[in-house]
Amino acid sequence: MAEERVHADELPLSGITVVSIEQAVAAPFATRQLADLGARVIKVERPDGGDFARRYDTTVHGQSSYFVWLNRSKESLTLDLKTERGRRVLEELLAQADVFVQNLAPGAAARMGLSADALAQRYPTLIPCSVTGYGSSGPWADRKAYDLLVQCQTGLVSLTGSAREAARAGVSVADIAAGVYAYSGILTALFTRATRGTARAVEVSLFEALAEWMGQPAYYTAHSGAQPPRVGTRHATIAPYGTYTAADGRDVLLSVQNEREWAALCEGFLGDPGLTDDPRFATGPARVSNREEVDALLAGRIAASGSGEVMALLDAIGIANAPVNDVKQFLEHPVLAGRDRWREVAVPGGETVKALLPPVDLAGTTPRMGAVPAVGEHTGRILAELGYTAGQIAEMRADGAI
């Protein structure tokens, strides 16, 4: 523990304290990224079980895969915020904090006196960050939002899947988008406070975060009059860009982004350089319009060779390609091993798991990869730091305030 603390002092966000009333994915993802860079993140949880994401599954040594992913390097403090003592502790923490993050149910923060405006009155240097479903104002401010609901509301689900059936994205993209934007917003607010002396509130909604990711299909639809079709593993507006099955049964994806690559594919892979100037295929829009013919050419060629041979030949002529991996194959990916991206992280119960380093490499900095906390693991220590005696802490436990 001492070694971890010394190391954390060297990280870019060392000295920054974050208090978070968070649950599920979006807000915990934002605060975990702050913790990775050295911020002290105090996660406030309910005494009766904590963050409900702890119970999504039990696959990681009895812990939830979601919770283990999102909550390393944090401190868990249990508080019943419906009690006077619990609220008092929260206020004492906020008085010393730099950032406050919450993704409470619609209207709950305001009812508790934790809105951005209320906090600005009490703690003018505090940066409050709210992660909401559809925004804190507007016609849907009081509406609940979960990841798949937002995928549907933004139209993302209408773009994924096959022509026969729509499908959700396989990971929580609305939550992840909101968490990334909350993280970048908090960093911007910290920079603004440091350079201008002003604490600015941050707000991110799941809906608006994913709406930003819908930019390309939105422009395409608005200006073409028709939305991109669902085409499975093909790209809706670029061709050829999709998967084809090789002779050994493995699917291979290839991507052609421009006319130079198309010419290389025709000559070096299809063996027919004349296709380069064929008006059906000479431009990107033409290839999309004649996608079935393009796919038939490639499907026949790829089906005649093993996947290894296909990918080696595509590599040789400069065409981007990849096998379609399952999750187990991803875990064993040579890039992750070759770049030493895995670290051991402790989880409650004394076990450890392999965790990926954050994707941003900051020169001269090694991210903190601390333990995943048990519910309320740090309650006693945090209260002692605030000046509470052992007797007072025991009394609060007996009263159910912590």
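Start at the second largest pocket, whose lining comprises 23 nonpolar, 11 polar and six charged residues (Ala, Val, Leu, Ile, Met, Phe, Trp, Tyr, Cys and Pro count as nonpolar, Asp, Glu, Lys and Arg as charged, and the others, Gly among them, as polar). The model is predicted: local features need pLDDT of at least 70 and side-chain atom pairs pLDDT 80 or more, while totals for chains, interfaces and linings use all residues. Residues are numbered from 1 along each chain as its sequence is written, and side-chain values use heavy atoms, with hydrogens and water left out.

Select N103, L104, A105, V131 and T132, which lie nearest the centre of this second largest pocket among its 40 lining residues. A pocket here is an open set of points on a 1 Å grid over the protein atoms alone, where a 1.4 Å probe fits, with protein on both sides within 12 Å along at least five of seven lines; lining residues have an atom within 4 Å of a point. Two or more lining residues come from each of α5 (108-111), β5 (127-132), α7 (147-153) and β6 (202-205); helices (H or I, at least four residues) and strands (E, at least two) are DSSP runs numbered from the N terminus. The volume of the second largest pocket is about 830 Å³, taken as the space filled by probe spheres set on grid points joined across faces, edges and corners.

Next, select F29, R32, W69, F330 and L356, the residues nearest the centre of the largest pocket, which has 35 lining residues. Its space is about 1300 Å³. The lining of the largest pocket has 24 nonpolar, five polar and six charged residues. At least two lining residues are supplied by each of α2 (26-36), α3 (65-70), α8 (173-196), α15 (327-331) and β11 (352-356).

Show V173, A174, D175, A177, A178 and Y181 of α8 against L206, A209, L210, E212 and W213 of α9, which make the contact (heavy atoms within 4.5 Å).

Now select E22 and K74, a salt bridge with its closest N and O atoms 2.9 Å apart. The pair ties together parts 52 residues apart in sequence, because E22 lies in the loop between β1 (17-21) and α2 and K74 in the loop between α3 and β3 (75-78). A salt bridge is a side-chain nitrogen of Lys or Arg within 4 Å of a carboxyl oxygen of Asp or Glu.

Finish with the backbone. A24, in the loop between β1 and α2, has a positive phi near 65°. The peptide bond from A239 to P240 is cis, with omega near -5°.
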